[in-house]
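Morning, everyone. Let me put the model up, and then we'll walk through it chain by chain.

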Amino acid sequence: MDALFASPAGALREVILSPGADAAGFRAAVRALVAEGLPPERVIWSTGAPGLFDAPPMAPHAAPAFSLPRAVTELIGLVLCHGDPERHGLLYRLIWRTVKDERALIDNPADPLVHRLMRMAKAVRRDIHKMHAFVRFRSAGMVQGRERFLAWFEPEHFIVEAVAGFFVKRFPAMDWSILTPHGSLSWDGTSLVIGPPALRPALPEGDGFEEGWLSYYESTFNPARTNTAMMTKEMPKKYWANLPEAKLIPGLVQSAASRVDAMIAREASAPRKRDPRKAVEAMSEQAPGTLEELNRLMRDTPPFVTGGTRAVLGEGPAGAPLALVGEQPGDQEDVEGRPFVGPAGRLLMKALGEAGLSREQLYLTNAVKHFKYVQRGKRRLHQSPTSGEVKHYRWWLKQELDFVQPRLVVALGASAALALAGHPVSVTRARGPMKFEGRPGYVTTHPSYLLRLPDPAAQNAAYAQFVADLKAAAERAAG
Amino acid sequence: MDDTLATKLRILADAAKYDASCASSGSAGRAAKKTGIGSTTGAGICHSYTPDGRCVSLLKILLTNYCLFDCAYCINRRSSNVERARFSVDEVVRLTLGFYKRNYIEGLFLSSGIIRSPDYTMEQMMRVARSLREEHGFAGYIHLKAIPEASPWLVEQAGLWADRLSLNIELASETSLKSLAPEKDAPRIRATMGQMTERIAEAREEKRRFAPAGQSTQMIVGADATTDATVLETSATLYRGYGLRRVYYSAFSPIPEASRVLPVKPAPLRRENRLYQADWLLRYYGFSVEEIAAGGTEGMLDLDIDPKLAWALKHRERFPVDVNSADREMLLRVPGLGARAVDRILKARRFGRLRLDDIGRLSTSVKRARAFLITADHHPLRLTDRADLRERLAPAPRQMELFG
């Protein structure tokens, strides 16, 4: 007080802000006060409608802005929502000290002022969190083809605007209103209206789901673990009035002890039903018993890759001595639902012919069963599967080959080799015979690799080597 | 909601309540499209609390409580006389959306008894999740309890729809599992868990959406003779080797229609509480299982005091600790100082030497901590040598009912 009276321009300044958070008003006032150099002890803060003879409200941007550390502005935003009438004075003291000579003040959690403001911010954050949690909507039926919901809630602090984003994001397709004594929110699917304080409305009756909720609340409670202290710590009684389930609490608590005693006292009873032995035995036979069953499962499975309109299944006779595994179906394979019918497939057929093999003799399949692509205009652009995606499909491939039982499996390219071996394989280095988890195999390039080679000479050489690989694999499968 | 659906809900919520987990956390923030519904916040939200102090975050129900398995600790085992019911896929979808729209829940936690076969059951559960996501644009939280006996390809598909997957390990000891749950197979549970761990890690690396909230599991405590040390060792392996997000402990609680092979008395809830505290020390405070176990006797935690205090009392030579100079690791070992308080201390001491009052502002339990701390104005005068320190710090004996 001494300082106050000693100051030369000793007059006190009164600042009147709108009730509630009024962040804009506070910001404008603080700018003006700092510009004027008025210390906190000469400012009196209050809220309410400005009186007739008060100075006109300070216009935003009237005084120069100044910068504050981000942590301070965040703290201000939260503390302004607090219901404590001292909040403005406390915040102004923080701002004053920060801009004067304690730039790092906010980083000292042991400072009494910072500590107090942090606790206020925490209380606001908690109130926001509890409002997200405890708002209960009642259905008000359909209005013009859209479902309408209404809620009444009593937050402790001025947080109505602060929670709006959460509810808009969560319930974009419903029409809803949340009324509170501090203000209201209304959403119609396209715009949010922030309205004035409301009175408790008569909520619509007859929402059947609310009865279901009450019965769920009752059933999910375990009487053997009653701990009301823990419950009220997290769900304080001040919120109970607007929680439909809260009216059940006294009854549940009262009957808990006797329910537990009854449970413990009850002798274990002999099962009344006969042992479903047959069903228990049958349970173990769930694995697909034939290739057809496995294929049916695969057809019903959602793709593990983006794109993929359908599963492109393997093709060829069971017991084929040679199986060829490619990477994944391409655009054309996806359209026709058959493996190796696109450009790479045609090249493969040509090479097979030169190696003395025909499509009908072989089992043809892919490591990944769906076409992975991204849409670019009208085109579907092929995307290589990641190794994680290849691994999602390993189980299928293994089962498939177990049914087909080829004498040799040829991996066409790195994805196929990864799928068969279970670990990354370098095609250039491993090219040739290789064991895939005990299964005799052979590694070579994928025919699409040949198509991508720019130089015709290199292409011819690679093609010749590819044909030689197929021949070698066929010989091993025969021998 | 019609009467049949209400009855089913009562039976199948009752049947699901013994699962401890109800968390809706760990997923990335996400919001529905304009025509859809739902969002996830990352931290999760508890929408209500029942008088057992447990949070209600998800609609936690079974698809059915008919079951072909006969696990002694489970109320839904085939030999139990409990009332049975079965939801259709569509009923679960309707309930979830109806509850979600009224802001009762964060999403769905779906589990099931095994009917027909593990694969069949798993597939039905998946249809629920898929319908919510694909047909209704549901972006809320989904936790699926995978059935470890189902085919790997089915379990993997669950990751496409669910935020979190869990596989219950049920009992820390393989022998106990064999005797109490004859249809279950411990190595198989772990193999499935391991497979999911790999797929989840790969997807995360490749930035694909696949079970973004990871995996969790649950162990029942007190249904067999397994010690706390064994339980915690199992947890440590699961955290380290399988990258699990959470291990839940469920003190064996008496169930209606209990099996004869089980203890009649419930395991003390205090034990479960101590295990959760120990679990916390394992994950965030740099303690090893051996250190935690050393605080108790014969592999069991001290039920009267928390495991951190128990450790400190047996290692008094390491105290008192000077708040103005000790490193983070040592501060974390001080009873009464949580990880958040420690971080605040480290921040605040850059501004000057801390006094006891400062610690009072930085931590919520300075009363407990002061016996182990030196500050600029406080030295606990060989307090740590006092024989009655334990009595001074242990909570007064009272009938405990605790914790969710």
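One term before we start: buried means under 20% relative accessible area, exposed means over 50%, and partly exposed is in between, with a 1.4 Å probe and protein chains only. This is a predicted model: local features need pLDDT of at least 70, side-chain atom pairs count only at pLDDT 80 or more, and totals for chains, interfaces and linings use all residues. Residues are numbered from 1 along each chain as its sequence is written, chains are lettered from A and ligands numbered from 1 in the order in which they are written, and side-chain values use heavy atoms, with hydrogens and water left out.

Chain A, then. There are 19 helices and 14 strands in chain A. Chain A is more spread out than a compact globule, because its radius of gyration is 37 Å, well over the 23 Å that the globule rule gives for 479 residues. That radius is taken over C-alpha atoms, and the rule is 2.2 Å times the number of residues to the power 0.38. Helices here are DSSP runs of H or I, at least four residues, and strands are runs of E, at least two, numbered from the N terminus. The C-alpha trace of chain A spans about 105 × 75 × 50 Å along its principal axes. Of its 479 residues, 50% count as buried.

Contacts next. Contact means heavy atoms within 4.5 Å. Take the contacts in chain A between residues at least 6 apart in sequence: 71% join residues at least 24 apart. The accessible surface of chain A comes to about 23,300 Å², and 55% of that belongs to carbon and sulfur atoms. Those areas come from the Shrake-Rupley method with a 1.4 Å probe; for residues, only the protein chains shown count as cover.

Now one residue in chain A. Where is A:His370? A:His370 sits in the loop between β9 (363–366) and β10 (373–376) of chain A. Is A:His370 buried or exposed? A:His370 counts as buried, because its relative accessibility is 3%. Leave aside neighbours within four places in sequence, and the contacts of A:His370 include A:Thr301, A:Pro302, A:Pro303, A:Phe304 and A:Val305. A:Gln328, A:Pro329 and A:Tyr393 are also among them. With A:Tyr393 there is a polar contact, side chain to side chain, at 2.7 Å. A polar contact is a pair of N or O atoms within 3.5 Å; within protein, one must be able to donate a hydrogen and the other to accept it, and residues adjacent in sequence count only if both atoms are side-chain atoms. For a sense of scale, the C-alpha atoms of A:His370 and A:Met235 are separated by 49 Å, and these two residues are 135 apart along the chain.

Still in chain A, look at helix α6 (residues 160–170). Its buried residues are A:Val160, A:Val163, A:Ala164, A:Phe166, A:Phe167 and A:Arg170. What covers them? The cover includes α5 (112–134), β5 (175–180), β6 (183–187) and β7 (192–195) of chain A, together with β2 (39–40) and α2 (89–101) of chain B.

On to chain B. Chain B has 15 helices and twelve strands. Chain B is as compact as a globular protein of its length, because its radius of gyration is 23 Å, close to the 22 Å that the globule rule gives for 404 residues. Its C-alpha trace spans about 70 × 55 × 40 Å along the principal axes. Buried residues make up 64% of the 404.

One residue here touches the other chain. B:Asp358 is in helix α13 (residues 356–362) of chain B. At 12% relative accessibility, B:Asp358 counts as buried. Not counting residues up to four places away in sequence, B:Asp358 touches A:Ala110 and B:Arg353. A polar atom of the B:Asp358 side chain lies 3.0 Å from the backbone nitrogen of B:Arg355.

Last, backbone geometry. Most residues other than glycine have a negative phi, and most peptide bonds are trans. Now the exceptions here. A:Gln405 has a positive phi, near 50 degrees. A:Gln405 lies in the loop between α15 (394–404) and β12 (408–412) of chain A, and at 52% relative accessibility A:Gln405 counts as exposed. B:Glu170 also has a positive phi, about 65 degrees. B:Glu170 is in the loop between β8 (164–166) and α5 (174–180) of chain B, and B:Glu170 is buried, at 10% relative accessible area. Finally, the peptide bond from B:Phe319 to B:Pro320 is cis, with omega near -5 degrees. B:Pro320 lies in the loop between α10 (307–314) and β11 (321–322) of chain B.
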